[in-house]
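Please read it alongside the sequence and the 3D view.

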Amino acid sequence: MIAMNNHAEVIIIGGGVIGCATAYNLAKKGVKSIVLEKYEIGYGGSSRNGGGVRQSARDPRELPLAMYGVEHLWPQLSEELGVDVEYCQKGNLRLAKTEAHLKILETLVESSRSSGLDVGMIGGDEARKICPYMSDEVIGASWCPTDGHANPMLTTLAFYKKARELGVRFITGENVREIRKLKGQARQVITDETIYEGDIILLAAGYESRAIANTVGIDIPVQRILLEALVTEVQPRMFDQMLGTAAADFYGHQAKHGSFVFGGSTGLEPYISEQYAPVTSSLTASSTCRGIIKYFPVLKDAKIVRTWAGWIDECADHVAVIDRVEEVPGLVLACGFSGHGFGISPTVGLLLSELVMNTAPTLDLSALRYNRFKAKA
Amino acid sequence: MSKVVDRSRDLGPFIPHNDDELIICRCEEITKGEIRKAVRDGMYNLTEIKRYLRTGMGLCQGQTCSRFVRSIVAKELGLSPVELDLTSARSPARPIEMQTYSNEVW
Amino acid sequence: MKRYELIVIGAGPAGLSAAIEAASWGMKVIVFDENALPGGQLFKQIHKFFGSKKHHAKIRGFRIGETLLKEAEESGVEVRLKATVMGIFANKEITVMNGDHIEHFKGDNIIVATGASENMITFPGWTMPGVIGAGAAQTLMNLHGIKPGNKVLMVGSGNVGLVVSFQLQQAGCKVVAIIDASPKIGGYGVHAAKVARTGIPFYLSHTIVRTAGEDCVSGAIIAEVDSHWQVIEGTQKELEVDTICLAVGLSPMSQLARLTGCDMFDAVEKGGLVPRCNEYGETSIPGLFCAGDVAGIEEASSAMIQGRISGLAVAKRSGYILANEFLMRFVSFQESLSQLRGGMFGIEKKGCVVTQTDEGLPLSRTLLQKGYIAEAEIELFSGSKKCKAKGVHPVIECTQNIPCNPCQDACRQGCIIVGDQITSLPIVTDTEKCSGCGMCIISCPGQAIFLVDDDYTEDSSAISFPYEFLPLPKAGDMGMALDRSGQEICPAEIVKVRTGKGMDETAIVTMKVPSEFANKSRFCAIYTES
């Protein structure tokens with residue numbers, strides 16, 4: 001017997017930004033869900049990202065989701081959810097220091113423009129006009145004025161808070177062991193403590209999704225990788241843009257309260273994910289600081305108050321799987337966001353609610369289907 | 001011990017206290033009332049409180065206030081403070097300038 | 001990468017002791033400390049420590065620090081100062097901030113000995129200038145020679161609150177009151193008594209309600225609390241102070257230990273979140289140890305032994321010491337530690353209500369409530385019993401079982417007996433042998449020993465007591481004798497002031513008082529010219 005209150009139309013596995021945003025969208029439409037979270041709200045990639053709300057340099061398969069969000073959802077999100085999610089739409093600069101960097105950016109710009117995004121290449125001086133603190137090392141950049149950033153932790157908690165107010169049941173500390181099929185349909189979610197049952201099971205558990213999907217014979221080429229970031233003490237307001245580099249080795253922005261948040265990588269990340277717990281390495285923060293100082297010498301005296309590390313889910317082709325799995329009726333997948341799920345999370349929440357309810361989709365998701373992974377010919 | 005927490009548990013309405021204006025996190029100037037309200041907003045553990053309000057995110061990284069925040073949140077939830085895990089410890093142990101951090105010696 | 005057999009984080013009593021022990025077995029050891037001076041909190045401890053000889057009893061904390069530094073140097077320990085450990089990473093790697101750079105080191109073993117930080121309490125105005133930690137006040141006075149304020153309220157009557165109150169008075173500040181929310185004084189009775197007789201009042205079952213003042217503290221409003229710690233309306237009173245010192249406990253500084261991911265647990269009796277350690281201080285991560293306050297709040301004397309034990313265990317782990325050698329030394333350290341942990345303030349008694357001494361004597365209630373022993377109570381204790389009719393004899397007002405016995409060693413005549421159990425109350429015996437040398441007065445870290453000569457003259461008695469204030473009085477000075485509560489009770493004449501190198505800054509002042517005040521007079525206020 002499944003306890004009455006362990007039953008809902010939708011069981012969502014994962015209390016990250018995707019799970020919370022979907023629960024919120026479903027609740028708005030009157031669909032009841034239960035969200036199961038192993039740790040705390042926003043534990044995984046939801047709190048481990050640079051906060052970019054960015055359309056530029058997106059894979060063409062997810063660019064429409066990013067553009068839809070920026071146009072229709074982000075601008076009023078704070079008001080809608082009743083929490084200031086610190087959305088700041090002041091553009092994104094992706095920086096180049098070498099000719100090779102410029103080549104990479106040109107290709108990205110070309111691709112985005114062909115999908116209708118307002119993005120272009122600018123020279124170093126023009127970039128310095130937008131962001132005067134940048135060093136002369138920057139010889140050019142891509143510039144997308146409609147990009148921006150927001151606070152990923154607050155956004156996740158805001159979706160959670162609003163969904164909770166609308167009656168969504170959130171259970172934290174629930175470790176999901178298995179999804180079980182009943183009469184041909186994915187219906188039950190078995191946890192360490194109890195069993196939940198729903199008409200639809202949405203799996204949005206980040207890097208833990210793969211093992212859970214495996215329990216119903218589904219495999220998604222997702223692995224966990226380590227992400228590290230650092231945070232400075234509060235600095236005078238310097239710039240509002242979201243920043244990235246052509247080499248994608250560092251990214252960041254100045255948050256609303258004045259701290260800078262920068263993420264960086266050493267290239268060793270895929271090889272240090274075998275550890276027991278996600279912890280910072282002895283190398284990354286120093287390496288990230290060197291990168292930042294090269295681009296922004298003015299920040300050399302800013303103090304780092306904390307660094308953090310965490311795993312995120314990385315999909316084989318770096319784009320999420322968002323799909324109603326034909327093989328297992330009742331199972332919906334939303335995972336493998338590869339570190340850029342936050343910016344599209346409001347859109348994904350909307351689309352997933354449509355997918356779950358089997359209503360007409362606002363955007364076509366066929367490029368993100370589960371069955372896209374095939375060996376190269 | 002089960003860590004399962006039902007976030008829909010009814011905590012009752014927010015009742016203002018006369019010391020709600022008291023500053024608890026002095027680095028980020030966060031008051032007791034803000035923390036108590038955050039619990040009512042569903043922030044049931046110290047990590048969520050920290051992310052929601054910025055308690056312990058300032059220069060001292062919670063050295064002083066984490067005990068206070070923990071006891072306030074515990075009281076709101078009817079728990080003993082030790083039942084709430086503290087937020088993760090983070091390197092660096094002290095604030096450090098980027099210039100210094102970038103200058104590695106082996 | 002630079003590699004050491006042992007990295008010690010923190011050059012306080014625990015860390016230095018650990019390093020010395022490991023190095024003495026031949027290990028290559030480096031110690032890092034973020035401060036400019038080593039010694040942790042030892043160098044601001046200007047009071048004499050408790051314990052027995054092997055615990056450095058009756059030695060002032062800063063002198064113990066000096067000895068430790070010398071030993072560290074002799075044993076070849078490398079001490080790096082102004083070197084802040086930023087993190088502990090995989091494979092026992094650490095990064096250290098040193099001047100303008102970050103340096104990487106690796107250790108086969110790491111001992112975390114990062115000590116503790118002071119707790120605060122919140123009340124309206126607690127963030128105002130003028131509210132400081134008692135430890136911070138001590139640092140200002142004793143390391144930097146700066147008076148933290150002029151009129152001070154001490155919040156907390158534990159040993160830290162009591163010791164720092166005394167030191168504030170020594171520095172020339174006026175401690176207006178010591179308050180504590182608890183209905184009884186938390187620290188050693190002897191510490192309470194030495195501040196009480198300087199006239200500092202205790203307000204127990206009292207809390208601070210708020211500060212007074214716009215931009216900085218100009219007063220403190222205190223009030224009585226009921227048994228549920230709630231303020232009793234109508235009991236508020238304002239104290240005119242410019243400084244509020246908080247001595248409300250310490251928390252282990254376990255952040256670095258936590259970074260390693262070792263098992264932690266939260267324990268009230270340890271002061272907060274601490275690593276789960278075995279009897280050698282080893283955490284759940286092999287080769288990672290914790291020693292001293294970071295593993296649970298105690299005091300410097302036990303921290304030094306804990307450090308020794310961890311250092312010894314590291315030496316064994318690294319093949320520098322044989323099992324039986326290790327065991328003998330370990331057992332002796334453990335005995336030493338359990339001696340310090342014994343008595344009514346010991347770690348096992350934390351949270352217990354103690355009403356009588358190990359000897360079965362009732363604890364002085366006035367001592368717990370007012371900070372001094374009532375005259376009627378003191379007579380129950382064998383330390384103050386008089387065995388002969390004539391002449392000088394010691395009166396020991398030490399009435400709680402604390403781990404301390406230097407008085408026994410100090411008396412060459414054998415008039416003072418503590419026994420094997422160092423927490424036993426001292427017994428005064430064979431007082432006819434007392435030569436009046438005063439060594440017992442000097443040796444008592446609690447300043448609880450007096451020499452009383454009831455037959456100084458026909459109608460006057462001479463009371464000798466320890467004196468650690470400046471300026472020192474001189475023979476012939478006049479003043480008022482103070483009783484145990486600091487009340488002026490009768491005129492007194494200073495008849496003798498003894499100082500000397502062997503007395504380690506404690507003077508013995510002898511005053512003449514009318515005989516009927518002999519059992520009451522315990523301190524003196526000297527008249528000054530002005």
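## Chain A against chain B

The contact between chains B and A draws on 29 residues from chain B and 36 residues from chain A. Two residues are in contact if their C-beta atoms, placed from the backbone, lie within 7 Å. On the chain B side, β1 (5–6), α2 (46–53), β4 (96–97) and α4 (98–102) each give at least two residues. Helices (H or I, at least four residues) and strands (E, at least two) are DSSP runs, numbered from the N terminus. That side of chain B divides into 10 nonpolar, 9 polar and 10 charged residues. Here Ala, Val, Leu, Ile, Met, Phe, Trp, Tyr, Cys and Pro count as nonpolar, Asp, Glu, Lys and Arg as charged, and the others, Gly among them, as polar.

This is a predicted model: local features need pLDDT of at least 70, side-chain atom pairs count only at pLDDT 80 or more, and totals for chains, interfaces and linings use all residues. Residues are numbered from 1 along each chain as its sequence is written, and chains are lettered from A and ligands numbered from 1 in the order in which they are written.

Strand β8 (residues 169–172) of chain A pairs with β1(B) in the antiparallel sense, over 2 bridges. Pairing requires that DSSP finds at least two bridges between the strands. T172(A) stands opposite V5(B) in β1(B).

## L77(B)

L77(B) lies in helix α3 (residues 66–77) of chain B. It is partly exposed, with 16 other C-beta atoms within 10 Å. The cut-offs are 20 or more such atoms for buried, 12 or fewer for exposed, and partly exposed in between, with C-beta atoms placed from the backbone. Not counting residues up to four places away in sequence, L77(B) touches V39(B) and Y44(B). The C-alpha atoms of L77(B) and R9(B) are separated by 9.5 Å, although the two are 68 residues apart along the chain.

## Two helices of chain A

Helix α6 (residues 152–165) of chain A has 14 residues and spans 20 Å from first C-alpha to last, close to the 20 Å expected at 1.5 Å a residue. The expected span is 1.5 Å times one less than the number of residues. In α6(A), 13 of the 14 residues are buried. Just after α6(A), G167(A) takes a positive phi of about 100 degrees.

Helix α8 (residues 284–295) of chain A has 12 residues and reaches 17 Å, close to the expected 16 Å. It is largely enclosed by the rest of the structure, because 10 of its 12 residues are buried. Among them are T284(A), C289(A), I293(A) and Y295(A).

## The nonpolar core

The largest nonpolar core has 315 residues. Such a core is a set of buried Ala, Val, Leu, Ile, Met, Phe, Trp, Tyr and Cys residues joined through C-beta atoms within 7 Å. Helix α7 (residues 300–317) of chain C gives the most to this core, with 9 residues. L203(A) is one of the residues with the most contacts inside the core. Leaving aside neighbours within four places in sequence, L203(A) has contacts that include I13(A), I212(A), L333(A) and A334(A).

## Chain C

Chain C has 12 helices and 28 strands. Of its 530 residues, 55% count as buried. Its C-alpha atoms fill a box of roughly 80 × 60 × 45 Å along the principal axes.
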